[in-house]
Amino acid sequence: MTVINKLDAENQILKTSVWYQEVWNDEFLSWNSSMFDEIREISLPLSAIWAPDIIINEFVEIERSPDLPYVYVNSSGTIENYKPIQVVSACSLETYAFPFDVQNCSLTFKSILHTVEDVDLAFLRSPEDIQHDKKAFLNDSEWELLSVSSTYSILQSSAGGFAQIQFNVVMRRHPLVYVVSLLIPSIFLMLVDLGSFYLPPNCRARIVFKTSVLVGYTIFRVNMSNQVPRSVGSTPLIGHFFTICMAFLVLSLAKSIVLVKFLHDEQRGGQEQPFLCLRGDTDADRPRVEPRAQRAVVTESSLYGEHLAQPGTLKEVWSQLQSISNYLQTQDQTDQQEAEWLVLLSRFDRLLFQSYLFMLGIYTITLCSLWALWGGV
């Protein structure tokens, strides 16, 4: 009987509780029961007799197990050693399809000192019965045991051949809790981010909205890192999709910031000339006159009479008209450049939207396919 206690994906460790059954024959421990009051079975301390040095090859850590120091010995010399052991073994995990992943962890039993000529291994039951018999195995709440296949082989080395039996424990994860807590919220968050593309590209509220979505992505990413297993060999597929969607969000946000900054600079540059016009500084090429010099000019010009006032007034009106004309031309050029930028960035925004929508569709189809494959195992 095997109980799956914990599967640590980050450290690549499988913790199981195994009801270990070991039977071997010792011809030196046999007796004639008729000569000893029909005593056919006795119990002896394990330390007082010889026992095969069978170990688990993937064993990486010693766990506290119940101490059962006695074994049963019958009159024919058959020794039975039954005991529960806590096994902490190395297991190479594949978390790419998380949470629809199926893991295969192996437990290899072999002798480290005796070759196959001295100690040979055999099954107590047939491998077919072990593989299809699930009643003898208990499962935890997260993992479901699918099968336990077993193979016998002889490992050749310079010292000779060593018999070994390998059990492949195939199990799959129950994904419902991760679908509710991770996958569905991630799809909702992506849909909200996708809806932000319907805001105008030059709208400043779009930057605020996307920044809020980016904060939501960051918080969700931190929470997801505590639930998604981190494996050295592979990264979960949902982590790749989530990173790509965050990249699309950052690109869209950067594009909106550049567009608003460009429009702000254009509007600020275009407002300088009308302010000059309102102040009366109509001629941009005319040097600035100091107040004392200006009063001197006014005093001097008054000596010429009123016949010079009318030409000066016409020049001032003409200068105002030229300034207004130049401002309108500059404003038209600014509006034209702004329209060209809006068209260019709108095309880029549309491309991002289509790519984002395509990625979200691929993400959803992939998750549904993985779920269907998980159900068919």
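A: A residue is called buried when its relative accessible area is under 20%; with that cut-off in hand, this predicted model can be taken label by label.

Q: What makes cysteine 91 and cysteine 105 a disulfide?
A: A disulfide requires two cysteine sulfur atoms within 2.5 Å, and the sulfur atoms of cysteine 91 and cysteine 105 are 1.8 Å apart, so the pair meets the definition. By this rule the count comes to one disulfide. The pair links distant parts of the chain, 14 residues apart, with cysteine 91 in the loop between strand E7 (78-90) and strand E8 (102-111), and cysteine 105 in strand E8.

Q: Why is this disulfide between cysteine 91 and cysteine 105 given its handedness?
A: The torsion about its S-S bond is about -80 degrees, and the disulfide is therefore left-handed.

Q: How do you know whether cysteine 91 is buried or exposed?
A: Cysteine 91 has 4% relative accessibility and therefore counts as buried, and cysteine 105, at 1%, counts as buried by its own value.

Q: What do the buried residues of helix H3 line, and why?
A: The buried residues of H3 (residues 204-225) are Arg206, Ile207, Lys210, Val213, Tyr217, Phe220 and Met224. Seen down the axis of H3, these buried residues fall within an arc of 145 degrees, so they line one face of the helix. The face turned away from that buried side carries the exposed residues Val208 and Ile219.

Terms used:
Residues are numbered from 1 along each chain as its sequence is written. This is a predicted model: local features need pLDDT of at least 70, side-chain atom pairs count only at pLDDT 80 or more; totals for chains, interfaces and linings use all residues. Side-chain values use heavy atoms; hydrogens and water are left out. Helices (H or I, at least four residues) and strands (E, at least two) are DSSP runs, numbered from the N terminus. The expected span of a helix is 1.5 Å times one less than its number of residues. Buried means under 20% relative accessible area, exposed over 50%, partly exposed in between (1.4 Å probe, protein chains only). The arc is that of the directions from the helix axis to the C-beta atoms.
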